[in-house]
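Good morning, colleagues. I should like to take a few minutes to walk through one structure with you.

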Amino acid sequence: MATRLGPIPLPVPDIFGLFAAALVAFGSTRPWARVWGVGFSTDDIEVTYVNGIDGGGADGQATLVMGVIACIMILWRLIRPRSSGIVLGAAILVLAVAGVVGMLNWFDSGSTATLGSWRIPGDQCAEYFQCGYQAGWGLIVVTLAGFAGAGALAYQLWNDQLR
């Protein structure tokens with residue numbers, strides 16, 4: 001399945017993988033965690049967002065680099081249609097690793113000791129009547145786009161090389 005841009009065929013899974021890789025890079029810079037707390041004296045809810053590339057979080061920086069590298073590899077494949085399956089396989093691996101990093105941070109976002117790769121003091125909730133942590137939408141985008149892009153590119157690899 002391919003569309004055409006002049007003389008260049010554009011496989012739809014590759015375009016989808018390129019879009020997913022761009023989403024991985026974009027989601028890496030957006031909120032990965034939402035920390036909220038209700039104060040003792042007021043009913044005001046304080047909300048803080050932690051972006052993927054903020055603070056000591058090297059995971060967001062790593063997924064940003066992975067998204068950019070995957071974009072470059074997919075663009076290379078689109079520009080040079082006779083490129084080997086190794087480029088496509090490497091892009092699949094990079095996007096899958098980005099999805100796994102996102103998934104691990106997503107599962108760890110409810111921990112009070114750590115929030116992804118960010119250290120949060122154990123007494124963070126001591127200044128609030130109630131507090132909690134949730135995964136941010138950027139982390140969810142990184143996770144889902146990483147796995148969706150890897151799946152689309154795996155289909156393209158299967159279609160090109162193994163079928």
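I shall speak about the aromatic pairs, then a helix, and finally a surface patch.

Please bear in mind that what you see is a predicted model. How many aromatic pairs does a search of the whole structure find? The search finds two. One of them joins Phe-26 and Trp-137 in a tilted arrangement, with 6.1 Å from centre to centre and 45° between the planes. This pair links distant parts of the chain, since Phe-26 belongs to helix H1 (residues 12-28) and Trp-137 to helix H4 (residues 137-162), 111 residues apart. Phe-26 has a relative accessible area of 42% and is therefore partly exposed; Trp-137, at 43%, also counts as partly exposed.

The other pair is formed by Tyr-155 and Trp-158, again tilted, at 5.9 Å centre to centre and 40° between the planes. Both residues lie in helix H4, three residues apart, or about one turn of the helix. Tyr-155 is partly exposed at 35%, and so is Trp-158 at 40%.

Let me turn to helix H2, which covers residues 58-79. Several residues of H2 are buried, including Gly-60, Met-66, Ala-70, Cys-71, Ile-74 and Arg-77.

Finally, the surface. Val-100, Leu-104 and Phe-147 make a nonpolar patch of about 250 Å². Of these, Leu-104 sits in helix H3 (residues 85-108). Is Leu-104 buried or exposed? Its relative accessibility is 52%, and because the threshold for exposed is over 50%, Leu-104 counts as exposed.

Conventions. Residues are numbered from 1 along each chain as its sequence is written. This is a predicted model: local features need pLDDT of at least 70, side-chain atom pairs count only at pLDDT 80 or more; totals for chains, interfaces and linings use all residues. Side-chain values use heavy atoms; hydrogens and water are left out. Patches are made of residues with over 30% relative accessible area and no salt bridge: like charges are joined within 9 Å, nonpolar side chains (Val, Leu, Ile, Met, Phe, Trp, Tyr) within 5 Å. Accessible areas come from the Shrake-Rupley method with a 1.4 Å probe; for residues, only the protein chains shown count as cover. A salt bridge is a side-chain nitrogen of Lys or Arg within 4 Å of a carboxyl oxygen of Asp or Glu. Helices (H or I, at least four residues) and strands (E, at least two) are DSSP runs, numbered from the N terminus. Buried means under 20% relative accessible area, exposed over 50%, partly exposed in between (1.4 Å probe, protein chains only). The expected span of a helix is 1.5 Å times one less than its number of residues. Rings of Phe, Tyr and Trp (its six-membered ring) pair if their centres lie within 6.5 Å; planes under 30 degrees apart count as stacked, over 60 as edge-to-face and the rest as tilted.
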